[in-house]
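Hi,

Here is the structure I promised to pass on. Have a look, and then read on for what turned up in it.

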Amino acid sequence: MSGQPAGGGGGGDGDLFAAAGLEPRLALGRQAWLLRGRAAGRADALLACIAEVAGQAPLRSLLTPGGRRMSVETSSCGALGWTSGPGGYRYQPIDPARGLPWPAMPGWLHDFAAELAAEAGFAGFSPDSCLINRYRPGARMALHQDRDERDFGQPIVSISLGMTARFLWGGLRRQDKAGQVALFHGDVVVWGGADRLRFHGIAPLAGPPHPLLGSERINLTLRRAGPTARAAAR
Ligand SMILES: O=C(O)CCC(=O)C(=O)O
Ligand SMILES: [Fe+2]
């Protein structure tokens with residue numbers, strides 16, 4: 001497999017934007033892969049699923065625990081949904097906006113995420129949460145770690161649709177310099193293992209509209225948020 005690890009715990013400064021489109025698989029780390037265009041063939045089904053979920057549990061811009069309004073709009077499907085508010089970041093079985101469970105995650109989406117995780121070396125992934133992030137021009141996501149899940153032994157599977165984003169990919173420490181890589185419609189990033197707690201984010205969305213989605217980017221992240229059998233046994 002070709003491709004150079006980017007950024008990384010050592011604080012490299014690789015700008016991967018230039019490598020965009022050249023590699024079917026780009027290593028972003030020892031256990032982090034960009035699977036270029038891997039979800040493009042599922043775009044129609046993914047968009048139908050997003051419309052269905054948003055019809056039940058509307059996308060909304062949440063407040064950070066610090067009281068700032070996020071520029072990204074979110075919703076979820078699956079047994080657990082990600083929420084944010086004065087009480088902090090957490091996963092919960094009930095959508096607080098409606099007082100109802102989150103819409104179910106379609107079986108095919110669960111299985112597709114498991115397939116993508118397996119292709120990146122994480123067999124047996126069984127997501128219980130799918131977070132939907134909608135970005136309009138100017139929306140961004142600051143550098144952060146995904147650490148609200150119970151078991152960091154489980155990977156993150158992230159699918160990009162619509163406008164091209166600049167994905168910021170840092171190291172294990174906040175101060176590690178972040179590289180950048182373009183994420184196009186249909187791209188998938190999977191990270192776990194040694195790379196599970198890498199800092200990452202999205203630069204303010206800019207650029208031409210997408211033929212299918214217009215001035216919008218939608219990201220889906222599939223996660224195992226609740227306990228796994230292994231974690232529960234501890
Ligand atoms: O939009 C993206 O590609 C990243 C989303 C993300 O990092 C998150 O939801 O935690
Ligand atoms: Fe994240």
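Is Asp148 buried, partly exposed or exposed, and why? Asp148 counts as partly exposed because 16 C-beta neighbours lie inside 10 Å. For that scale, 20 or more other C-beta atoms within 10 Å of a residue's own make it buried, 12 or fewer make it exposed, and anything in between is partly exposed, with C-beta atoms placed from the backbone.

Before going further: this is a predicted model, where local features need pLDDT of at least 70 and side-chain atom pairs count only at pLDDT 80 or more, while totals for chains, interfaces and linings use all residues. Residues are numbered from 1 along each chain as its sequence is written, and chains are lettered from A and ligands numbered from 1 in the order in which they are written.

The overall picture: the protein chain has three helices and 15 strands (DSSP runs numbered from the N terminus, H or I of at least four residues for helices, E of at least two for strands). Of its 234 residues, 41% count as buried.

Back to Asp148, which sits in the loop between E9 and E10. It belongs to a UniProt "binding site" annotation (unreviewed entry) along with Trp82, Tyr89, Arg90, Tyr91 and Arg174; such positions are given in the numbering used here, feature names are shortened, and annotations may be inferred rather than shown by experiment. These residues spread over 93 residues of sequence and up to 23.2 Å between C-alpha atoms. Leaving out neighbours within four places in sequence, Asp148 is in contact with Trp82, Tyr89, Arg90 and Tyr91 (contact means C-beta atoms, placed from the backbone, within 7 Å). Arg174 is in the loop between E11 and E12 and counts as exposed, because it has 11 C-beta neighbours inside 10 Å. Beyond four places in sequence, Arg174 touches Leu143 and Phe199.

Four strands make an open, antiparallel sheet in the order E9-E14-E11-E12 (two strands pair if DSSP finds at least two bridges between them). E9 (141–144) and E12 (179–183) are at the edges with a single partner strand each, so one side of each has no neighbour in the sheet. Five bridges join E11 (165–169) to E12, and Leu168 stands opposite Gln180 in E12.

Finally, UniProt (unreviewed entry) puts "domain: Fe2OG dioxygenase" at residues 126–226. That span is 0% helix and 42% strand, and its end C-alpha atoms lie 10 Å apart.

Cheers

Methods:
Contact = placed C-beta atoms within 7 Å.
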